[in-house]
There are 2 protein chains.
Amino acid sequence: MINEQVGKYRAQGKTVYHMGFGESPFPVHPIIQQAIAGYSGKNQYLPSAGLTELRTKAKQYIRKKHDIVSDEFETMIGPGSKELIFDVQLAVDGDLLFPAPSWVSYIPQTMITRDNVIHIRLGPEQQYKLNGERLERTILESRAEGANPTKLILNYPNNPTGMTYTPIELEEIAEVARKHHILVISDEIYAQVAFRRPHRSIAHYYPEGTIVTTGLSKHLSLGGFRLGVALVPQRHPRVFEVLRSIASETFSAVSTPIQYSVLTAFEENEEIEKYIDQCTEIHDIVTRYVWHTLRTLEVDYAEPQGGFYLYPDFGSYGEGLKKTYGVERSTQLAHELLNRSSLASLPATAFGDDDDNLRLRLSTVDFDGLTALIRYRDGEFDTEEDFVERVCPRVAAGCRALESFFQEAAR
Amino acid sequence: MINEQVGKYRAQGKTVYHMGFGESPFPVHPIIQQAIAGYSGKNQYLPSAGLTELRTKAKQYIRKKHDIVSDEFETMIGPGSKELIFDVQLAVDGDLLFPAPSWVSYIPQTMITRDNVIHIRLGPEQQYKLNGERLERTILESRAEGANPTKLILNYPNNPTGMTYTPIELEEIAEVARKHHILVISDEIYAQVAFRRPHRSIAHYYPEGTIVTTGLSKHLSLGGFRLGVALVPQRHPRVFEVLRSIASETFSAVSTPIQYSVLTAFEENEEIEKYIDQCTEIHDIVTRYVWHTLRTLEVDYAEPQGGFYLYPDFGSYGEGLKKTYGVERSTQLAHELLNRSSLASLPATAFGDDDDNLRLRLSTVDFDGLTALIRYRDGEFDTEEDFVERVCPRVAAGCRALESFFQEAAR
């Protein structure tokens, strides 16, 4: 939607600063490029759960990178973690506990699966994060009203908020989930794009009740390859078997050359690991640059902890936005920003949040990944600010456009 | 299931003639192999319905190969035609008209979608084929009983029967479907493996109400690549939009390097077309060889018309099978054949058919595809029989095993 709109504007020769889409901009690592070429003759069907060697490697790698101690998981390979989250929703009956704001696809998925959704609305005062107490209260209240909560979706580092959970917060949620027999669907696709602090999964604390999903689209910029992984607790053998059956009756298995080509991605190959670290460091720098702009605008927002998004609340500009632009809603705000200041973003409503909240998701990937990677490796910049301004000029210009737009409103 | 069992036997050093599985055995065409290598750097997400260029080419190619005159279709690319059939079932409400015996995945799919199924049982006397009169009777009877038939699955050339429909038969079914507003889901994945007579789609007669699904797994032996195509009538814009939404919330889009790599497959490339014809001619020869064995056994079965399967009914051996082997059911028959004669096959129950029917699906692909292709091109054989015996020795030996098993029963 937003991509098409931006495409149209750009085709007309208009400048657009694209903070509306979220695709990691780096090139495919050459080792993986070479690998796929080598496996182009592989045309046989693979087992529904995936190539055995890939499943074994992926499990070990994910356990290490997500700090999961337990080994008691079955591994499922699917065409993207989105498909796997959908299949888990099909496989696990009952009502879904759904913290919002949240990523765009969870709710449309429940429309297809026809599951009941129990919303948990979160705000900036708690950094949009769930806690144990709130979770327990929601479970008890919804049960009192006759609902049957059985599963919870968590996503951290979070899209759209850029926040993640601390070990203590995860442990607290894990305890409540265990007590009330809630299966946690833990979407950790941004795990390796966590900034400066290593990622830890809630499966560290609650391995018997956590399905961890992840993939290669974020830290390896392999979105188009379509390969995701789910670790399913062996304590839930039925869930794994249902996942495998669904796979077998729908997509069959992930494309064979693709499965072979990404084996190296799960081998802790030194070169690839370095590339992952560098990409994440660049995301950190660029995202922090946008965050500094928000601080200049005195928007109260915690420093991003991972991913490539920010989700500021411009509520403090409410009066000015109304007077200056006639803007009272998030969707209007996104519209005005695009039309007046050439800045594309996504409104709160795209994330299950109220339109009354003057919140936007700003993504920070509108730059050339290959150039950024080369310049970053060469270290040819004085400060991080200098790096963004020279290497990611559209992001920097977008920030200037954002500043002018809100400074105008504040007058 | 059967593959794992055969794998275990073979790992133990036992000989098994594998007529249980159905994967086309030929190598990936070199042009497609080279193409995938050239697109290994393509990591971006593609639109949910598929790469525009691929959609355009696929539609033109399929219209030509399936003899579809109308151009009024939207094209949807998915990870295999199985996924697309599943998504169509999700997208179209109402009860499914389901002719059986039929391919293994349709029914488990309806279990996931929770659709009601109206079975239409077909027998060898009508070559397991539906006709207009039978279809109309079923629609009227089921409606009288309160059902709401809205969609019909047809599959031709058929798995498991190897039969296909004549133009007249298709026209008759089309008329009934049109009269009763039934959407036809026409699974034509074996279209280009039709023997000697060119394939024609029911969409030739009923373009406004036929969803044609197909893929690359059969005629190009690209099963593992996972790419299928659906043509959706523009008269049903909602179905196409729902398909696109489901894609967007589940698998997103087919793997990008895979989509680029198969562009040539839809370009009527001379070399690739020749390869497709040769593969089909080999399937024809091998399948006909097995059919001759059935004739030797005096099993009444029409000559296969496409694909790589036969579905003989051994009912005439009923007495002997019971006396000699204690076999009274299809599942027992498959079991005894494997244990006594090392011949793997699939029983009637795998295709929604009654276990009482002593029917088996025999597939004809247990040979080395590359060798077969080279020998066939070189023309180094005297007769077709000679070709199978020299180039496909396991198929020939399987036929001898079949003969002995039934001749023993007939004594």
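In this predicted model, 38 residues of chain B are in contact with 39 residues of chain A, two residues being in contact if their C-beta atoms, placed from the backbone, lie within 7 Å. The elements of chain B that give two or more residues to this side are α2 (30-38), α4 (81-91), α5, α8 (237-249) and α9 (256-261); helices (H or I, at least four residues) and strands (E, at least two) are DSSP runs, numbered from the N terminus. The largest share, 4 residues, comes from α4(B). By type, the residues of chain B that touch chain A divide into 17 nonpolar, 15 polar and 6 charged.

Of the interface residues of chain B, 100% are also interface residues in chain A, so the copies meet through the same surface.

Within chain B, strand β3 (residues 95-100) runs parallel to strand β4 (residues 117-121), to which 5 bridges join it; strands pair if DSSP finds at least two bridges between them. Pro99(B) has Ile120(B) as its bridge partner in β4(B). From β3(B) the chain passes through helix α5 (residues 106-113) of chain B to β4(B), a right-handed β-α-β crossover: with the strands pointing away from the viewer, the path from the first strand over the helix to the second runs clockwise.

Residues are numbered from 1 along each chain as its sequence is written, while chains are lettered from A and ligands numbered from 1 in the order in which they are written. As this is a predicted model, local features need pLDDT of at least 70 and side-chain atom pairs count only at pLDDT 80 or more, whereas totals for chains, interfaces and linings use all residues.

Definitions and conventions. Nonpolar A, V, L, I, M, F, W, Y, C, P; charged D, E, K, R; others polar.
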